[in-house]
Amino acid sequence: MEIFRMGRDIWGRPVLEGVSWHLIWVAVGLGVAVIIGHAVYRAIRPRST
Amino acid sequence: MAVAADRIGELPARPDRVLRHAGVDRLVHWLTAACVLTLMATGLLPHLGVQFDWVGIHWIAGLALVVLVIFHILRSVIWQRLRTIWFSIAELRTHQVGKYSVAQKLMHHAMTVMVLCAVITGVLMLKKIRTPLLLRDPYLFGADTWGVIYVVHGLAALSAITLVIVHVYFGLIPENRMYLRAMITGWMSRSEQRARVAGIRAGDKHLT
């Protein structure tokens, strides 16, 4: 999976165009991973009360 | 350690309630949320195959976010106590209780970095498009510099996805409902406030 989008300028040289939009799903996955991680933590943590 | 490193307890609407967020702060929060969600939808959906004329909505929502950010910074610095949102290692060691938990402060700092990166690069990118506000000048920067600006803007957009998912989740879980209600109505009950202080002192950091 690429991290950056690359293009070419009018002279054919490579130029940076931005981040790869495939990373949208990585960002979604990170958010879901935090939710799952916290849900597991809630289930197994000792109660403070 | 006293609770009132902030202004909790000022202007109670009822004796059994404490004011947590003033009306203007709640309004700014929800307007900011509307702007961020609009910016995410208009900026990201076209890359997921949903095609529509998004540029106009995107830059107008972006400018609204700039206004809200400037207002929030001025209000935080001039009318509020900036240290209520400041994070210190001492809080972790001593279980100090302030208006915001450590986790809430860390989330705020992450959002701050994301929003500042997005709005600064977004304002620069206005020079690339036609708007009634600025003269278009796509040659303001070289291609390499524009590339870096696009990358920073894109990374801010990607981090916004993760941060919004996490923020909404922690706002909705049962133990944090009092914070959500306080952001809607402004108040927490005194019993909720007491339970919150006891929880933080006992080491429960309220991972909001």
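User: Which pattern does chain B follow, read along the sequence?

Analyst: This is a predicted model, and in it chain B has seven helices and two strands. Placed in order along the sequence, these elements of chain B give the pattern β-α-α-α-α-α-α-β-α.

User: Among contacts in chain B between residues at least 6 apart in sequence, what percentage join residues at least 24 apart?

Analyst: Chain B has 208 residues, of which 25% are buried. When the contacts in chain B between residues at least 6 apart in sequence are sorted by separation, the share joining residues at least 24 apart is 68%.

User: What distance does helix α1 of chain B reach from its first C-alpha to its last?

Analyst: Helix α1 of chain B runs over residues 23-44 and so has 22 residues, for which 32 Å is expected at 1.5 Å a residue.

User: Why are the buried residues of α1(B) on the same side of the helix, and what arc do they cover?

Analyst: The buried residues of α1(B) are B:Cys35, B:Val36, B:Leu39, B:Thr42 and B:Gly43. They lie on the same side of α1(B) because the arc they cover around the axis is only 140°.

User: Which exposed residues does the face of α1(B) turned away from its buried side carry?

Analyst: The buried residues of α1(B) have a cover that includes α2 (55-79) and α5 (143-172) of chain B. The face turned away from that buried side carries exposed residues, namely B:Gly23, B:Leu27 and B:Trp30.

User: Which element supplies the largest share of the side of chain A that touches chain B?

Analyst: In the interface, 19 residues of chain A are in contact with 23 residues of chain B. On the chain A side, β2 (14-19) and α1 (23-44) each supply at least two residues. By class, this side of chain A has 13 nonpolar, four polar and two charged residues. The largest share of the side, 10 residues, comes from α1(A).

User: Over which residues of chain B is the pLDDT below 50?

Analyst: The mean pLDDT of chain B is 87, and 88% of its residues reach 70 or more. One stretch of chain B has 13 contacts in the model beyond near neighbours in sequence, although its pLDDT is below 50, and this stretch is residues 1-6.

Technical notes
Residues are numbered from 1 along each chain as its sequence is written. Chains are lettered from A and ligands numbered from 1 in the order in which they are written. This is a predicted model: local features need pLDDT of at least 70, side-chain atom pairs count only at pLDDT 80 or more; totals for chains, interfaces and linings use all residues. Helices (H or I, at least four residues) and strands (E, at least two) are DSSP runs, numbered from the N terminus. A residue is buried if 20 or more other C-beta atoms lie within 10 Å of its own, exposed if 12 or fewer, and partly exposed in between; C-beta atoms are placed from the backbone. Two residues are in contact if their C-beta atoms, placed from the backbone, lie within 7 Å. Ala, Val, Leu, Ile, Met, Phe, Trp, Tyr, Cys and Pro count as nonpolar, Asp, Glu, Lys and Arg as charged, and the others, Gly among them, as polar. The arc is that of the directions from the helix axis to the C-beta atoms. pLDDT is the predictor's confidence in each residue, from 0 to 100.
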